[in-house]
Amino acid sequence: MSAAHEWIAVFDFGSQYTQLIARRVRELHVYCEILRHDTLIESLRARPPIGVILSGGPASVLAPDAPHGDPALWRADLPVLGICYGMQLMARDLGGRVERGDRREYGLARIAVVDPDTLFEGMDRELDVWMSHGDRVTELPPGFRALARSENCPVAAMADAQGRRFGLQFHPEVVHTPRGLDLLRRFVRDVCGARGDWRMADFIEDSVRSLRERIGDDHVLCALSGGVDSSVTAALLHRAIGRRLHCVYVDTGLMRDGETEQIEAEFGRHLGVDLRIERAGARFFSALKGVEDPERKRKIIGATFIEVFRDVARSLGPVRFLAQGTLYPDVVESVSPFGGPTATIKSHHNVGGLPAELGFELVEPLRALFKDEVRELGRLLGLPDALVDRWPFPGPGLAVRIIGEVTPERADLLRRADAIVEREIRRWPGAREVWQAFAVLLPVRSVGVMGDERTYENVAAVRAVQSLDGMTADWVRLPAEVLDRIARRIVNEVRGINRVVYDITSKPPGTIEWE
């Protein structure tokens with residue numbers, strides 16, 4: 001980041017939403033960096049932030065091994081906003097009391113604003129928010145006052161007398177808190193005094209400079225899946241190092257219908273990079289034979305990808321770097337990228353699924369971004385809409401949409417059903433609200449009747465979600481006629497499936513993919 005930009009520091013205490021905080025701040029055109037929760041304040045003196053945000057986290061401040069920050073933060077002349085765990089930490093460190101609540105609050109809740117103050121000025125006296133906590137502040141620190149409360153939480157928001165330190169027990173960063181961005185804007189702009197002069201174009205400039213400095217004269221292999229993440233990664237690297245970039249597309253046998261042919265046709269024309277197609281389906285199916293556990297699948301797929309990349313690298317000569325289109329939602333479900341105590345949800349093949357002995361240095365320029373930010377970045381880099389607007393597709397491909405053992409036959413069955421889902425939803429006038437849609441092959445069979453004969457075949461689930469960033473998602477209310485067409489076409493055209501169901505689970509508690 002250019003030293004000319006003001007910035008906000010987010011201390012990561014392990015929340016699944018930590019990067020979402022940073023993203024919301026960047027939406028306000030203020031640069032933001034995520035730091036370890038135990039970062040020393042002294043280390044920031046060379047480039048001091050204009051404010052600090054303390055994230056939530058899975059731990060309890062009452063636990064003996066709870067993560068703590070640098071006590072010097074409370075002596076520094078910096079505005080501080082504590083969110084959830086961050087608020088409880090602030091309350092406890094500054095002399096208040098935190099206790100375990102009789103009842104937990106998870107999900108939507110309503111707060112009553114009892115003191116509008118700076119953050120809530122001009123807002124309604126009752127607001128919907130997203131809660132996720134079991135502990136609560138029961139005694140305010142000296143000099144603090146309560147700004148809001150909820151039915152189960154006597155202090156849902158607090159502030160000190162100087163108007164420099166604030167705490168929110170709820171999560172303003174998630175879309176389920178409708179006025180959350182306004183609350184963050186009040187803190188970042190009004191309390192911290194940010195000008196709001198940062199743009200995504202600055203990310204391109206900073207990233208290109210950083211990539212050139214790190215890579216030098218070396219060559220880079222780029223794992224190109226054809227999705228928007230790897231496409232933008234390739235475009236960014238191509239701008240930075242030109243012909244020393246070598247893109248490798250691995251056909252795992254687990255791709256969508258017609259995907260390999262589309263990649264082969266589009267990428268030479270649109271990106272103009274060195275593209276190598278590796279057809280390795282037999283290799284992946286052999287490695288996955290007999291494996292049903294989703295974590296093992298992801299790790300096997302990650303390791304097999306690396307084997308293929310190593311083979312390609314040997315054919316090119318010495319290649320030091322491997323580039324991936326890893327995004328923050330991949331990372332946050334696998335392991336904290338910032339050293340915070342984040343809980344593992346599932347190991348993505350390109351994060352927790354990679355082997356310990358990689359043989360490459362990873363280059364992941366999009367690691368701190370969300371999907372919608374990457375789409376904006378792709379447009380700024382000149383990528384065509386057909387690439388930028390593609391629905392997300394998991395790196396392990398159809399393997400994580402086949403529940404149970406992955407075989408060529410089951411992959412082909414799912415591929416044909418998935419193609420029908422996509423085509424029928426794309427025909428629907430409301431398709432623009434769909435973030436992602438696909439079919440899942442379940443490990444159960446059901447009795448049916450077709451042509452007066454009994455069938456006993458597979459069940460497919462249809463999943464369609466809307467989301468802004470992939471961190472939270474809601475199921476799409478597809479019209480009955482769309483679901484009817486999907487079900488009739490799959491049952492009639494895909495021999496081996498005789499029943500179709502629709503998944504109406506949000507994220508959380510589910511994830512977007514089934515595995």
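Reader: What should I know about the model and its numbering?
Author: This is a predicted model, where local features need pLDDT of at least 70 and side-chain atom pairs count only at pLDDT 80 or more, while totals for chains, interfaces and linings use all residues. Residues are numbered from 1 along each chain as its sequence is written, and side-chain values use heavy atoms, with hydrogens and water left out.

Reader: Why does E6 count as buried?
Author: Buried means under 20% relative accessible area, with exposed over 50% and partly exposed in between (1.4 Å probe, protein chains only). E6 has 9% relative accessibility, so it counts as buried. You'll find E6 in the segment before β1 (7-12).

Reader: What does the side chain of E6 reach at 2.5 Å?
Author: The backbone nitrogen of R195. The side chain of E6 also has a polar atom 3.0 Å from the backbone nitrogen of G196. A polar contact is a pair of N or O atoms within 3.5 Å; within protein, one must be able to donate a hydrogen and the other to accept it, and residues adjacent in sequence count only if both atoms are side-chain atoms.

Reader: Which residues is E6 in contact with, leaving aside neighbours within four places in sequence?
Author: Contact means heavy atoms within 4.5 Å, and the residues touching E6 are Y31, I50, G193, A194, R195, G196 and D197.

Reader: What makes strand β16 largely enclosed?
Author: In β16 (residues 453-466), 10 of the 14 residues are buried, so the rest of the structure largely encloses that strand. Strands here are DSSP runs of E, at least two residues, and helices are runs of H or I, at least four, numbered from the N terminus.

Reader: How do you know that β15 and β16 pair?
Author: Two strands pair if DSSP finds at least two bridges between them. Strand β15 (residues 436-450) and β16 have 12 bridges, antiparallel, so they pair by that rule.

Reader: Which way do β16 and β18 run, parallel or antiparallel?
Author: Parallel: 5 bridges join β16 to strand β18 (residues 497-502), and V462 stands opposite Y502 in β18.

Reader: How many bridges link β16 and β17?
Author: There are 2, in the antiparallel sense, with β17 covering residues 474-475. V465 sits opposite W475 in β17.
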